[in-house]
Amino acid sequence: MVIDGRTTLCGLFGCPVEHSFSPLMHNTAFQYLKLNWAYVPFKVEPHQLPRALSSIPALNLAGVNVTIPHKEAVLRYLDELTPCAASIGAVNVILNREGKLVGDNTDGRGFIKSLQEEAGLIPAGKKAVILGAGGAAKAAAVQLAVEGAEEVSIVNRTPGKAEQLARAVQNLGSKSRVLTWEQTGEAAAAINEADLVVQATSVGMYPDVNSHLPVPEDAFHSGQVVYDLIYNPLKTKFLKMAEIRGAKAVSGLGMLLYQGALAFELWTGTAAPVNIMREALQKQLKGR
Ligand code: ATR
């Protein structure tokens, strides 16, 4: 990659950013399409966030991704939010539209795209259970409701967070109920009845690969899609359990890929080379 006076820059604001897969994914795509663009990770401490955001128009960046811990904090500094970012209440991509900062969220849309591409599942009319109620759970749950899922129930350790998310889902027209992990039997029954189960907690993520949520293996069955938003490891213990019982198991690599592909398209106006980006991600994951 040659950076010169005509290079268009975009990047990532987060803290930390060292382990992000996004620079590799986007720079591989720019090189493949021979676009004179570059994607740079910026470590932005929380107290520097307002100044970092002002630098987007000042330095003429095309836009940035936003990650932990800034996804919600950026909202108040932006000029505009897309309806999608507003309903999720978080931003993962900012566009510089002639100096105006527009916040969007491609996490939920990336998740839906991955569901369709990798599991052939269309959410309209389906019953889903989301395990977790953090940022990733919120993006998935809200987008499932937007896509017309019949029911999006939430199981979470902290009931208050789940109740808030259930209300957001209900406001978008889907049914929703809240359970906690103490209600083991009810949670297992809800999982058993669901067409789609989304594991959206950090339980089972590297290096804690032997952990899984307290879900009995016989809650899963064939005909179900079980999606773990974790991509490291590619197959969590939770996914292995679901797969043993015949469910279609899908890892979070697809959501990572498609949220990035959608951001790429928003910035460049060019179709993202999804297969090339997926290969780059898989290679980096194997190397870890
Ligand atoms: P992310 O942005 O990846 O979604 P997050 O917003 O910190 O991360 O959310 C993490 C989710 O994992 C939360 O739903 C959290 O449950 P709480 O809302 O009760 O905090 C869930 N989680 C983390 N560790 C957990 C554990 N040991 N058991 C059950 N749930 C856990």
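Mentor: Helices (H or I, at least four residues) and strands (E, at least two) are DSSP runs, numbered from the N terminus. The model discussed here is predicted.

Trainee: Where is Pro233 found?

Mentor: Asn232 and Pro233 are joined by a cis peptide bond, with omega about 10°. As for its place, Pro233 is found in the loop between S11 and H8.

Trainee: What is the handedness of the β-α-β crossover from S11 to S12?

Mentor: Strand S11 (residues 225-228) and strand S12 (residues 248-251) run parallel and are joined by 4 bridges. From S11 the chain passes through helix H8 (residues 237-244) to S12, and the crossover is right-handed.

Trainee: Which residue in S12 is the bridge partner of Tyr227?

Mentor: S11, residues 225-228, is joined by bridges to S12, residues 248-251. In S12, the partner of Tyr227 is Val250.

Trainee: Which residue does a cis peptide bond join to Ile68?

Mentor: The loop between strand S3 (63-66) and strand S4 (80-81) holds Pro69. Omega is about 5° for the cis peptide bond that joins Ile68 to Pro69.

Trainee: Is Lys34 buried or exposed?

Mentor: Lys34 is found in the loop between helix H1 (22-32) and strand S2 (37-43). Its phi is positive, about 55°, although Lys34 is not a glycine. The cut-off for exposed is over 50% relative accessible area. Because its relative accessibility is 73%, Lys34 counts as exposed.

Trainee: What is the relative accessibility of Glu98?

Mentor: Glu98, found in the loop between strand S5 (93-97) and strand S6 (100-104), has a positive phi near 50°. Glu98 counts as exposed, because its relative accessibility is 86%.

Terms used
Residues are numbered from 1 along each chain as its sequence is written. This is a predicted model: local features need pLDDT of at least 70, side-chain atom pairs count only at pLDDT 80 or more; totals for chains, interfaces and linings use all residues. Side-chain values use heavy atoms; hydrogens and water are left out. Two strands pair if DSSP finds at least two bridges between them. A crossover is right-handed if, with the strands pointing away from the viewer, the path from the first strand over the helix to the second runs clockwise. Buried means under 20% relative accessible area, exposed over 50%, partly exposed in between (1.4 Å probe, protein chains only).
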